[in-house]
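Thanks for coming, everyone. Please look at the sequence and the structure as they come up.

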Amino acid sequence: MEIKEAIYKRRSIRKFKEQKIDEKIIEELLHLAMAAPSAVNARPWEFYVIENPSVLNQFYLTFQSMHYHAPLAIVVCANELNMYHKAKNYWIQDCSAAIENILLGALSFSLGSVWCGITPQADKVAQVKKILSLGDNIIPLGLVYLGYPDEEKEPRDQYDESKVCYIK
Ligand SMILES: Cc1cc2nc3c(=O)[nH]c(=O)nc-3n(C[C@H](O)[C@H](O)[C@H](O)COP(=O)(O)O)c2cc1C
């Protein structure tokens with residue numbers, strides 16, 4: 001799939017089939033995630049890949065706004081110990097770029113995905129840390145649900161001329 005086509009085609013999918021995702025595909029998605037740009041190439045990210053139904057169910061029961069049944073979730077976190085001191089505050093951008101790569105990469109395997117925010121909501125950060133028993137130095141940025149889509153969404157272009165300023 002062409003990149004341009006994938007960008008328009010990527011939509012948040014919140015209904016998934018039960019079909020599991022092959023391990024090789026998961027691994028490829030993680031390769032794509034880690035190819036993302038990162039300030040001073042610090043790559044502070046860590047990926048918690050969750051297939052365990054009881055952990056997925058804990059997410060389901062805990063969060064109203066990310067209340068989806070998917071066969072897989074990837075929680076994208078940053079490790080404070082891997083943040084380069086001069087670029088410490090870029091971890092959100094670094095991890096967000098990795099998340100977008102997962103979302104776009106998912107399309108090439110006919111997978112659907114939705115990005116659910118964790119940081120900066122302190123309550124969600126604490127709940128996710130508790131569910132996954134994350135250490136003090138690990139900050140969860142976002143959770144991506146992945147699976148074969150059980151809903152269809154149209155590709156779309158949200159171009160808005162009023163948000164553009166050309167300086168020539
Ligand atoms: C930082 C961030 C946090 C988000 N959090 C949630 C969420 O908690 N639950 C959810 O269902 N969707 C969440 N989304 C998905 C947005 O709702 C979705 O991207 C937006 O409505 C545009 O729709 P589209 O993804 O189909 O283009 C989030 C997206 C981003 C970028």
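I will go from the overall fold to the sheet, then to some loop residues, and end at the ligand.

First, the ground rules. This is a predicted model, so local features need pLDDT of at least 70, side-chain atom pairs count only at pLDDT 80 or more, and totals for chains, interfaces and linings use all residues. Residues are numbered from 1 along each chain as its sequence is written.

Overall fold. The protein chain has five helices and four strands. These are DSSP runs, numbered from the N terminus: helices are H or I with at least four residues, strands are E with at least two. Reading from the N terminus, the order is α-α-β-α-β-α-β-α-β.

How does the radius of gyration of the protein chain sit against a compact globule? With 168 residues, such a globule would come near 15 Å; the protein chain has 16 Å, which agrees. That radius is taken over C-alpha atoms, and the globule rule is 2.2 Å times the number of residues to the power 0.38. Along the principal axes, the C-alpha atoms fill a box of roughly 50 × 45 × 30 Å.

Burial next. Of the 168 residues, 29% count as buried. Buried means 20 or more other C-beta atoms within 10 Å of the residue's own, exposed means 12 or fewer, and partly exposed is in between; C-beta atoms are placed from the backbone.

Now contacts. Two residues are in contact if their C-beta atoms, placed from the backbone, lie within 7 Å. Take the contacts with a separation of 6 or more: residues 24 or more positions apart account for 81% of them.

On to the sheet. Four strands form an open sheet, ordered β1-β2-β4-β3, with antiparallel pairing. Strands pair if DSSP finds at least two bridges between them. β1 (45-50) and β3 (112-117) stand at the edges, each with a single partner strand, so one side of each has no neighbour in the sheet. From one strand to the next, the twist averages 25 degrees. Axes here are lines fitted to C-alpha atoms, for helices over the stretch in contact, and angles run from 0 to 180 degrees between N-to-C directions.

Inside the sheet, eight bridges join β2 (residues 72-79) to β4 (residues 138-147), and the two run antiparallel. N79 of the chain stands opposite I138 in β4.

N137 is in the loop between α5 and β4. N137 touches N79, E80 and L81, leaving out residues up to four places away in sequence. With 13 other C-beta atoms within 10 Å, N137 is partly exposed.

Now backbone geometry. Most residues other than glycine have a negative phi, and most peptide bonds are trans. Which way does phi of N41 go, positive or negative? Positive, near 50 degrees. N41 is in the loop between α2 (23-34) and β1, and counts as exposed with 9 C-beta neighbours inside 10 Å. S110 also has a positive phi, near 60 degrees. S110 lies in the loop between α4 (91-107) and β3, and its 10 C-beta neighbours inside 10 Å make it exposed.

A cis peptide bond joins T119 and P120, with omega about 15 degrees. P120 lies in the loop between β3 and α5 (122-132).

Last, the ligand. Which residues are around the ligand? R11, S12, R14, S65, M66, V114, W115, C116 and G117. A residue qualifies if its C-beta atom, placed from the backbone, lies within 6 Å. By class, the shell has four nonpolar, three polar and two charged residues. Ala, Val, Leu, Ile, Met, Phe, Trp, Tyr, Cys and Pro count as nonpolar, Asp, Glu, Lys and Arg as charged, and the others, Gly among them, as polar.
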